[in-house]
Amino acid sequence: MTILCVRFQLPPTREADLPRLLGMLEEFTPVVQALPPDGALADLRGAERYFGRDAVELASVIRVRSLALYGVDCVIGAGPGPMLARVALRDAVPGVTCAVPEERDAIAEFLADKPVAALPGVGAATARTLGDYGLDTLGRVAAAPLSTLQRLVGAKAGRELHEKANGVDRGRVVPNAVSRSLATERPFVRDELDPDRHRRALLSAAEEIGARLRALEKVCRTLTLTVRYADRSATTRSRTLTEPTAHSPDLTRAAYGMYEALGLQRARVRAIALRAEGLDPADQASHQLTFDPVDEKVRRIEEVADRARAKFGPRAVMPGGLGHRLGGLAA
């Protein structure tokens, strides 16, 4: 095993600690890929030789350091490749690293009884399609003819699915930075039923994300919405934006669209969170020009508002919908 998939047990209020935890992983290997909001992949091939310990032993050291230095526990999966390590993570518990053996037959045995949805990149719709044909476990998918899988899910997806179900892991750990995402959360003082207050929280969160992106001179390509409910469950939806942006109205429209698509019926919402992902430098992003004078005016107003906030504080200029007290939102 040379790859670890680590998930830190960070509460939403401590997601900002992820960069420090990634820095701790980088003390073992420079090949660390952030998996926001609370995870990472680490390639330990060089570390195993340097420290004279295998990946499972190093995983134990990483967990102890995480607890001792930051008070954060973690669960860890280990495997010969990133995909297998991520599958192993599903069976891991704090204090016990779940490791996938390196032998081909052992890998096949490990995967055989796993549900199809255990594979990274296999969504609910694909799993449902395969399940309708009795292909509900990875063992059955591995045994199915490649041509059958390609007819069901498409040529490229079918080939990738067949390889992964047979334990072929072509992935690699790509070092990146956690700064490629920004997140903010709006908790409610009490579980909130009012959709208008849900939308007000979304507006506030989108305005903050937009302002932070512009301050960093970044744009985002994807926006992710997480709605946390009173029973501690959560729903997460992501949307790829038409073009990378830091424009708050565009972010707000995307957030509203994802929220409306959930079709919540008197849901008791405890908190709403937004995450901007796929961050790139703003000067490398393209913007579709428009002859709409209103759009240009709004963007100029946004620039002026940003300067006012920088000078007088984040509440110096706010949208009209946030001009009165954010009823129900925790301070």
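Helices (H or I, at least four residues) and strands (E, at least two) are taken here as DSSP runs, numbered from the N terminus. The model is a predicted one, so local features need pLDDT of at least 70 and side-chain atom pairs count only at pLDDT 80 or more, while totals for chains, interfaces and linings use all residues. Residues are numbered from 1 along each chain as its sequence is written, and side-chain values use heavy atoms, with hydrogens and water left out.

On that basis, the protein chain comes out with twelve helices and ten strands. It has 331 residues, and 41% of them count as buried (under 20% relative accessible area; exposed is over 50%, partly exposed in between; 1.4 Å probe, protein chains only). Taking a contact as heavy atoms within 4.5 Å, 67% of the contacts between residues at least 6 apart in sequence join residues at least 24 apart.

Helix α3 spans residues 55-70, 16 residues in total. From first C-alpha to last, α3 reaches 21 Å, close to the 22 Å expected at 1.5 Å a residue (the expected span being 1.5 Å times one less than the number of residues). Buried in α3 are Ala55, Leu58, Ala59, Ile62 and Ser66. They cover an arc of only 105 degrees around the axis, which puts them on the same side of α3; the arc is that of the directions from the helix axis to the C-beta atoms. An α-helix has 3.6 residues a turn, so residues three or four places apart point the same way. The buried residues of α3 pack against β1 (3-8), α1 (18-25), α2 (45-51) and β4 (74-79), whereas Val64 and Ala68, on the other side, are exposed. Just past α3, Gly71 takes a positive phi of about 65 degrees.

Arg186 sits in strand β6 (residues 181-192) and counts as buried because its relative accessibility is 12%. Its side chain makes polar contacts with the side chains of Thr184, at 2.8 Å, and Glu208, at 2.6 Å (a polar contact is a pair of N or O atoms within 3.5 Å; within protein, one must be able to donate a hydrogen and the other to accept it, and residues adjacent in sequence count only if both atoms are side-chain atoms). Arg104, in helix α5 (residues 104-112), is exposed, with a relative accessible area of 59%. Leaving out residues up to four places away in sequence, Arg104 touches Asn166 and Val168.
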